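Here are a few friendly notes to read alongside the model. Take them one at a time, with the structure open beside you.

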Amino acid sequence: MAAFGATMIRAGRRFLSSLPALFGVLVFTFLLMRVLPGDPAVFFASGPNAGKEEIEVIRKQMGLNKPVPEQLMLYLYDVGRGNLGRSMMTGQLVTTDLRARLPASLELTFTALLIALVSAVPLGVLAALRPGSVIDHGVRLFCALGVCVPTFVSGLLLIYVFYYLLGLAPDPTGRVDIFTTLPPSRTGFLLIDFLLAGDVEGWWAAFKQLILPALSMALFVVAPLARITRASMLVSLGSDFVRTARSVGLPWWRIVVTYALRNAILPVITIAGIVFSTMLGANVLVEKVFSWPGVASYALDALLTSDYAPVQGFVLLMASVFVIVNLLVDVLYGIADPRVTIS
Amino acid sequence: MTSATLRHAGWILRGNPLTAVAATGVLLLVLVAIFGPLIVPYDPIASDVPQALMPPSAAHLAGTDQLGRDVFSRLIVAARLDLAIAVSAVGISFAIGAVIGAACGYAGGRLDRVVGRFVDVLMAFPLFVLAMAMVAALGNRVENIVIATAIINLPFYIRFARAEVNVRRNVGWVEAARACGDSHFSVVLRFLLPNVLPAMAVQVSLNLGWAILNAAGLSFIGLGVKPPTPEWGIMVADGARFISTGKWWLVAFPGLALMLAVLCFNLLGDGIRDILDPRMRT
């Protein structure tokens with residue numbers, strides 16, 4: 001319990017030290033969006049031949065006529081009150097839009113991370129158990145190739161194979177096809193909502209839509225995870241305590257899983273945190289390929305129509321998720337290895 | 001010394017023929033980038049609508065796209081642009097990052113803290129999202145893809161150079177140089193940076209692959225390069241519309257080009273690391 005408290009204190013300290021960075025992100029995105037080309041007021045006026053007065057009214061309405069520092073202060077004040085502005089594209093509050101779309105992105109990213117971990121850790125362990133064997137070389141080849149294929153290419157090729165050639169996957173657009181009735185939204189994660197509603201057919205439909213985008217994202221990040229698992233398993237398998245465990249005749253799976261893997265998992269957790277942030281970026285590409293209604297595709301649409309507020313909100317959201325994930329990694333670290341909290 | 005290094009390199013290459021293959025691949029890529037437009041069988045932007053969407057054949061090795069343009073010719077011509085974007089982006093961030101990082105590692109103090117904060121802010125973004133926002137903000141042009149890719153690479157070089165310089169700032173030969181009356185500037189430039197550069201070369205090679213992927217990703221989502229300019233990312237984006245009707249070659253060949261380019265740079269980076277620092281071999 002004391003160790004848990006120490007972990008919490010450490011996490012709290014990490015959180016405080018990440019606040020300046022978050023603030024920097026805020027100012028940075030604000031400045032970035034201010035220099036965006038194109039006048040959004042013209043874009044959102046009634047048409048190309050809108051009068052000067054109408055454009056001026058919209059500029060005033062959007063606060064674009066005030067000096068930049070004042071706009072920044074107003075923006076910070078709004079963010080502090082939880083108001084990220086209104087999207088000109090959808091007419092909704094940005095927070096409303098983001099809240100509606102975030103679960104789709106998170107469900108995709110978490111599923112991909114799960115797939116990646118579930119395949120990478122065993123691959124890394126297998127490779128480490130027989131260094132130099134066919135399995136080891138196979139894993140290495142797979143890793144070397146995996147990091148080289150862009151997610152948008154692997155996603156499209158998966159669509160070709162599983163949708164066009166084999167007909168196993170459904171039409172690769174969106175989270176469910178239009179004929180499926182959505183379950184009551186409890187968590188926003190469709191797989192969980194369908195389970196809670198007891199709708200097996202719906203769950204299967206959502207699962208089939210999810211698996212290809214998740215797979216193409218997972219393929220890209222299996223490599224770093226498998227590589228680090230292999231390297232750190234090699235170290236822990238060669239250590240004295242594993243030799244001792246072997247010499248007292250413990251069953252091999254217990255040596256590998258309980259003794260070697262538990263000790264080798266720390267670097268894997270660290271890399272998993274980094275990998276997660278890579279995946280947040282890759283989300284943009286995958287969501288575009290699969291027309292996934294997540295936050296990234298929302299921000300991309302906004303970006304291409306110079307709609308400031310959603311892009312700022314999105315970048316801020318991504319940075320916050322990133323900070324939270326780093327905290328989570330810290331906590332997991334403390335649980336996996338109580339020693340780190342003492343030092 | 002040089003001949004010993006060469007012999008060592010030769011020994012590594014014999015033990016790790018992949019590095020030799022990768023080096024050949026990179027050389028080939030550079031040659032294609034330089035001479036590509038001279039050797040292609042078709043004009044990469046001339047459309048030939050009756051021949052549109054033909055699968056690969058003897059006449060069109062990689063098929064044709066929706067306007068009947070030869071995909072193979074476009075792939076070859078695109079190599080120059082893709083390579084140029086990646087090389088200039090990595091070059092810029094290498095040059096700036098090495099100098100800033102070395103200065104921070106050597107001077108420490110306030111400069112180090114300020115730069116450290118700046119790097120933290122940069123790293124608080126998912127980097128691809130940052131690049132995306134920057135290209136949109138600076139304007140949808142190729143130069144800005146280069147700048148954005150350079151900026152998201154910058155933190156790695158700053159951190160790397162800083163750490164490498166920091167451990168060496170008080171070693172004997174640096175103190176000797178200072179005792180001989182060398183200015184701080186000359187110590188960093190003439191003694192510290194040359195010692196850090198080999199290790200950074202590995203980083204450069206690995207980063208080139210990453211930069212190619214980033215630039216292709218940006219043009220895939222419609223930023224930067226504009227059609228009809230041949231570029232691998234935009235070719236994939238064009239082909240994406242036809243994938244669910246089975247026109248695989250429009251995506252597979254540019255994808256393959258991207259993959260091979262990145263693979264060669266990554267393997268070369270690993271190979272250079274083995275040659276420079278045998279202890280880090282995995």
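At what angle do helix 5 and helix 8 of chain B pack, and how far apart are their axes?

1. Helix 5 (residues 127-138) and helix 8 (residues 184-220) of chain B pack at about 55 degrees, with axes 11 Å apart. Helices here are DSSP runs (H or I, at least four residues), numbered from the N terminus. Axes are lines fitted to C-alpha atoms over the stretch in contact, and angles run from 0 to 180 degrees between N-to-C directions.

2. Before going on, note that this is a predicted model, where local features need pLDDT of at least 70, side-chain atom pairs count only at pLDDT 80 or more, and totals for chains, interfaces and linings use all residues. Residues are numbered from 1 along each chain as its sequence is written, with chains lettered from A and ligands numbered from 1 in the order in which they are written.

3. Who meets whom? From helix 5 of chain B come B:Phe128, B:Ala131, B:Met132 and B:Val135, and from helix 8 of chain B come B:Asn214, B:Gly217 and B:Leu218. Contact means C-beta atoms, placed from the backbone, within 7 Å. These residues divide into 5 nonpolar, 2 polar and no charged.

4. Now look across to the other chain: 36 residues of chain B are in contact with 45 residues of chain A. Helix 5 and helix 8 of chain B are among the elements that give two or more residues to this side of chain B.

5. Chain A itself has 14 helices and 0 strands. Its C-alpha atoms fill a box of roughly 85 × 55 × 40 Å, taken along the principal axes.

Conventions:
Contact = placed C-beta atoms within 7 Å. Nonpolar A, V, L, I, M, F, W, Y, C, P; charged D, E, K, R; others polar.
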